[in-house]
Amino acid sequence: MRNKRFLYLVALGFLSFGAITGCKKSSNVPDEPVTPPVVTTPNGTRDELTKDSIFLYGKELYYWNTSLPTYEVFNPRGFSSNEAELYAMTQYSLDPATGKPYEFVSTSSEPKYSFFDYTAATTGKTGVLKADVNGSANDYGFSVQYNSTADLRVKYVYPNSPAALQGLTRGCRITSVNGRTDLTYPGAVNFLNNAIFGTNASVTLAFNDIGGNPKTAVIASSLYTVNPILFTNVYTVGTKKVGYIVFNSFTNNASAAINAVFSNFATQGVSELIIDLRYNGGGYVSTATQMINLAAPAGETGNTMFTSYYNNYLQSITTAQRKASILAHQPLLDDAGKLQTFTTGVNGKYATYADLNYSPTATDNIEKFAKSGSLTLNRVYFIVTGSTASASELTINSLKPVMDVKLIGRTTYGKPVGFFPIRIDKVDMYIPEFETKNKLGVGGYYSGLTVDKESAEDLTKAWGDETETLLAYALLYAKNGSFVTTAAKTASLSATTTAMPSKLSVAELRSLDEKLDPKGIKGMIMTPDKRF
């Protein structure tokens, strides 16, 4: 059954596993290797064995694995659900900067990073990993956000999605959802999650378009190809050409489209670039490195872009020990979800986690710059919010040491860790397995990347509108080399944060990033296909 993704039921000899000690750690990098557990013949019900597997894979692969207690102390089978077990497993390791677990979220009973993605066809549950990072989606194709407590706006619409075909655009004001007109924050949040981000076949909307004209639409969920590029433009700012791209997700099908946009920027003589990642929760590292290489200076080719660091247990055990552990039961998949096979050595043999080299000095764990395209940039602006996460933050952090980078908006989500999917029965488990650091060894931004110019966005404006607050600040800096200008202009730019007393606070917006559309991905998916 090596050619199927099957139930990897593993159990440890309790005496051997019981000798492994665990405690809460204050360091974000585990510092003590542990003895590889002994794998024995499993016993128990399917549910019990699944719960065992969740914990035992965590004991080997979780980035903060040394914080976990023994099997007997943790007692995986004692939890009421897989989700309850996962949450408990992620709340041991403490971030010294906050005194709270790295995966603690004050507004949620779910981990900040870890989650399950269920196989809907076999369980009836909806996965939390957005299908759109894999290039397609089966939903309405739009999302919403509050511009103020009583002003619900469309924040983005995917091109050619069901919502786009019904005339919905960014900036539309939603006035009714399935007949409900009271959409005030926070009372309507749960209703909206069910109506718009749930599994309903359709949703009925009343809305005012960007020009204020009242309209209605019935939007049916259907399959469409995701284009993560929501908008592009080139602005003339004095003698400069400034490119602008709104990029919503690091999908695995965007390579050709990204290349085309950056090629157009080069043709038009763009020297400064605005990359809008305000809603981009991440996706595939391979797509992020493509964008980094298109933007980076040619002189960086061959230099380190970033390095991936795994826990010390994975770094310390030998190849023989890895092949004798549960890692050998977990196959590696490429970006398309296909099994990896060796291209050298034993051809036709499927690659597993046991075949990886987890040392930070290994070539496979050091990504190097390889400049592509002909775009030459003097500066890059990133528009970000609390929804900007993971592969988006990796992109920013990798470019910071090699060029002039400015951040505009709000502090980002804070996810310097990434994962591979771990298949356990009918569920893929995603837990932090590695951390990335840039060429200067800088990472650890668990509280997010801070901005050079803090400001709220303006959800009433269409993409590319030069008066939209965050875009306006980027264009202002391109013109003047500063975010400061005349009093009148400053007042205009600050209007969205001061004009309305019902405006949401920074804390409320941060909370909304977790509560509204909670299934939106915040992930950095690494696929080791280049190794085999």
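Helices here are DSSP runs of H or I with at least four residues, strands are runs of E with at least two, and both are numbered from the N terminus. This is a predicted model, in which local features need pLDDT of at least 70, side-chain atom pairs count only at pLDDT 80 or more, and totals for chains, interfaces and linings use all residues. Residues are numbered from 1 along each chain as its sequence is written, and side-chain values use heavy atoms, without hydrogens and water.

The buried residues of H8 (buried means under 20% relative accessible area) are Ile258, Val261, Phe262 and Phe265. Viewed down the helix axis, they fall within an arc of 90 degrees, judged by the directions from the axis to the C-beta atoms, so they line one face of H8. Their cover includes strands E13, E14 and E15 and helix H9. After H8 comes glycine 269, with a positive phi near 80 degrees.

Confidence is given by pLDDT, which runs from 0 to 100 for each residue. The chain averages 85, but pLDDT stays under 50 over residues 1–39 and over residues 495–501. Where pLDDT is low, the predicted coordinates should not be read in detail.

Technical notes: pLDDT = per-residue confidence, 0-100. Contact = heavy atoms within 4.5 Å. Buried < 20%, exposed > 50% of the residue type's maximum accessible area, 1.4 Å probe, protein only.
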